[in-house]
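This briefing goes through the contacts between the parts of a structure, with short notes on confidence and on charged pairs. Please look over the sequence and the structure before reading on.

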Amino acid sequence: MLVIILSGFIFAVFIPWLYRRFGARSGWLFALLPLGWLFYLAGQAPLVLGQGQAIEEHIPWVPSLGVELAFRLDGLGMLFALLVTGIGALVIIYGGGYLSGHPYQGRFFLLITLFMVAMLGVVLSDHLLLLFVFWELTSITSFLLIGFEHQRYGARAAAWQALLVTAGGGLALLAGLVLLSQVAGSGLISVINQNGAAIRSSSLYTAALLLILIGAFTKSAQFPFHFWLPNAMVAPTPVSAYLHSATMVKAGVFLLARLTPALAGTSLWQALVSSVGFMTLLVGALLALGQRDLKRLLAYTTVGALGTMTFLLGLGGDLAIKAAVVYILAHAFYKGALFLVAGAVDHSTGTRDIERLGNLASILPWVTLAALLAGISMAGLPPALGFLAKELFFESLMESTWPHYLSLGGAILAGAITFVVAALVAFKPFWGRTQDVPHPPHPVSVEFWLGPVILSGLGLVVGIMPALATPLIQGAVQSILQSSLKVKLALWHGITPVLGFSLLTLGLGGLGWAFYRRLWQGGEIWRKLAPWGPARLYEVGLNGLRRFAAWQTRVLQNGYLRFYVMTIVLTTVLLTGFTLLSRLAWLGVGGWGDIRFYEFVVVVLMIAAAVVIPRLRSRLATVATMGMIGYGLVLIYLIYSAPDLAMVQFAIETLTVILFVLAVYRLPKFTRLTPSPTRFLDLLVAIGGGMLMTALVLIVTARPLVPHISDYFAQNSLLLANGRNVVNVILVDFRGLDTLGEITVLALAGIGVYALVRLTLGRLMVYFEGLEEEEEAEHERAL
Amino acid sequence: MTLALALLIGVLFTVALYLMMRRNLVKVLIGLIILSNAINLFIFTLGRLVRGRPPLIPAGETALQPPYADPLPQALILTAIVISFGVTAFAVALMRQAYQVLGTSDLNELRDTDIQPRYHPDHYHAEDEAEGH
């Protein structure tokens, strides 16, 4: 499986070059890669699905942290990997036609391939951190693909929104995954899934579960994070079909399924996951009312479908899990197909407005066929797979502990609305009167209908002959439940209450279809309610953050050096002061010790010089006093066994004084610029900083020194480096590279000084003045 | 003696920080120089004070015999002294040039990048003469 991931990344590198070579037709070529993976994966099917054996690969990555490139292909991974590669191939072919002539078509191929690799990584990873890396990679590629038309503000805003929501959830997810691996003692998902009981009884379970759920809910657009998904529809349609319907948004659902053995089964899981799923299922369906854009209609029903899957995973149990898996498969087939159909219609007519579309069947025969087949499945009509999924959904609701009037009522309502949307998207544009469209509809090439026809056809074939997909579904169900449950699917369940609910849904849906105009007018209310939705919260939060950033930049970066120094000193003093105060032990230690008279004199002189400097008005006196401090330092170094320091300090101090004397007379005299109260405040802050340093010295010197490093130098200076002056040996030998760096800095400073001195400002001034004159002239002209 | 040096370090830091909060560029620069001296002394004191035992290996011996002054802080300070001189030299040159071009050394007037240069060859010398040089 590492081969798949690596080959994908390597292939992606060559895509720009291949695209330049083969042009728009290269979609067919690029589709070969996912097709190859599809066949490879299908080749593993007898082992994985037939014998229920997972294929594992382990390559050490960061052994010290227990992180490895662990991949595992089991039933669940197989289901998703087949969807990702299969639909991926079709979408790439589609992109070859849909984006033909688009200046960024090559970029599309590159990004979609990268996304595909990332998504495969998510579903094949057996290590939490590896899964997270791929998870974030899908967020990033999704961001780039939503913002594909980056010249448009709307596209950039939607891309930002999707990224902030999903990557924000990703941060929570990371924390949750780290907690989970701490609790389980391993990052390997297969190991974690075997220790479910221990994890669920751990005290960290609640925290880990909540964090992981935030990650999964944001990714899968669950209420209240659902708003980013409809906005993401600004992406090119193949992207919407692939990322934002068939695969990426299902990553959250996938994660819930993947970790079901470890996390599910508690009342917290059931309450949270199923109620969030239920809310999302209702919200998605209801918000679809009033939408006129094909893609937004599909997006809201996608939200609803994701809610259904989450709901089922939250309910848990054999039947619900089976229903969830069938639903995932059915949805991927019909929704992927319908998005591609919407794209073809858009391409052909120039609009996606359902009110303006009609009678396209004769112009787009194949697209119409695909739309009809997919529409049947979406509407939940037999014999499509969608019907089977809905039957199973109802059945698991009957079994669940939820009050039936609530859960079944919600499901029937959502099902009826989905029916209406299916009719609007898959039926209305192709029949009835010819409507006004931006340009006369033109037929579309094979790239446009191949994918939809295959996907929708699969939905129908599998519906009629469920046995074809049973091994796949059974494999996934078995790995979610970690059992050897046998799955049997049949289209006809006999005359049961469930069939009654199905008929009721269809009846209501038919009624809704008949009166859809009135219903859609009712949907206008969402537009009025929008300012109070969760999207508004996102907006307010984001604007608040921006304002806060602007405010704190204005306050903290205000351009006054005095303020900066003050901020730094005060922050340091306040933050470290607390810790120092709590270790007052230093007050007792020290004492004057064995201070000698001449040392005392040096220190007193230096203190006196320092205190005097700020009060001096004469520049020469200031420089001289500054020299006193420097030469005092020379004496201290000399007394305390640092002859090298004393020599260097002496030389440098002399140079500094000369430099100042040379430069200072070119400078203005000192004048008192700051009023006294401010000076007093500054003094207080400065004294705080000084006291902190004094305290630090006393505390540190009161503790014993641990001279590991110096001992090494002391022992080896002569033996290894043939030098008796240990300080010199450190500088030129042991830490020779540091000294090289130092020399470089000095050289740069020297070049800087030279450049500044040589800078011919006269010419610069002429330039400035010239600019001013020009500006004035322009101003006059403007008047 | 450690206590005396600790007090000296405190005073040097106080003065340096106070000077760095002034508006006059020259004072800020002097503050910077005192600050680097104070930091060097700080590191030096933390390496412990030892009289009369420089880290030099006497002839006939192969290694330093304790007690000896810690060579590591000395090496660090040696580097720091030289670097801070580089910084000082650059800062002095920059300050001089900035004053020539902008005609001010008041930091509060140097907040924008859009200050109109006030320099004029005559203006500069005129002021110099007015000061009596």
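Contact here means heavy atoms within 4.5 Å. By that rule, 105 residues of chain A and 95 residues of chain B take part in the contact between the two chains. The model is a predicted one.

**Chain A with chain B**

- The size of an interface is often given as the accessible area lost when the parts come together.
- For chain A and chain B, the buried area is about 9,300 Å², and carbon and sulfur atoms account for 73% of it.
- Two salt bridges are counted between chain A and chain B.
- A salt bridge joins R22(B) to D682(A), with 2.8 Å between the closest N and O atoms.
- The rule for polar contacts finds 19 residue pairs across the interface of chain A and chain B, both residues being at pLDDT 80 or more.
- Helix α31 (residues 676–701) of chain A supplies the largest share of the side of chain A that touches chain B, namely 15 residues.
- By class, the side of chain A that touches chain B has 67 nonpolar, 21 polar and 17 charged residues.

**Domains of chain A**

- Chain A is divided into three parts: domain 1 (1–263), domain 2 (291–523) and domain 3 (529–557).
- Between the C-alpha centres of domain 1 and domain 2 of chain A the distance is 23 Å.
- In the contact between these two domains, 43 residues come from domain 1 of chain A and 39 residues from domain 2 of chain A.
- Domain 1 and domain 2 of chain A bury about 3,600 Å² between them, with 75% of that area from carbon and sulfur atoms.
- On the side of domain 1 of chain A, the residues that lose the most area to domain 2 of chain A are L79(A), L90(A) and Y94(A), which together make up 17% of what that side buries.
- One salt bridge is counted between domain 1 and domain 2 of chain A.
- R25(A) and E447(A) meet through their side chains in a salt bridge, at 3.4 Å from N to O.
- Across the interface of domain 1 and domain 2 of chain A, 13 residue pairs are in polar contact, both residues being at pLDDT 80 or more.
- Several helices of chain A each supply at least two residues of the side of domain 1 that touches domain 2, among them α4 (75–98) and α12 (237–246).
- Helix α4(A) gives the most to that side of domain 1 of chain A, with 13 residues.
- That side of domain 1 of chain A has 27 nonpolar, 13 polar and three charged residues.

**Salt bridges over all chains**

- Side chains of opposite charge can pair when their charged atoms come close.
- The count over all chains is 13 salt bridges.
- D293(A) and R352(A) form a salt bridge, their closest N and O atoms being 3.2 Å apart.
- This pair links distant parts of the chain, 59 residues apart: D293(A) is in the loop between α15 (267–288) and α16 (294–315) of chain A, and R352(A) is in the loop between α17 (318–349) and α18 (365–379) of chain A.

**Confidence in chain B**

- The average pLDDT of chain B is 82, and 83% of the residues score at least 70.

Terms used: Residues numbered from 1 in each chain as written. Chains lettered and ligands numbered in written order. Heavy atoms only, no water. pLDDT = per-residue confidence, 0-100. Domains from an automatic or database assignment. Buried area = accessible area lost by both parts, 1.4 Å probe. Salt bridge = Lys/Arg side-chain N within 4 Å of Asp/Glu carboxyl O. Polar contact = N/O pair within 3.5 Å; in protein donor to acceptor, adjacent residues only side chain to side chain. Helix = DSSP H or I, 4+ residues; strand = E, 2+ residues; numbered from the N terminus. Nonpolar A, V, L, I, M, F, W, Y, C, P; charged D, E, K, R; others polar.
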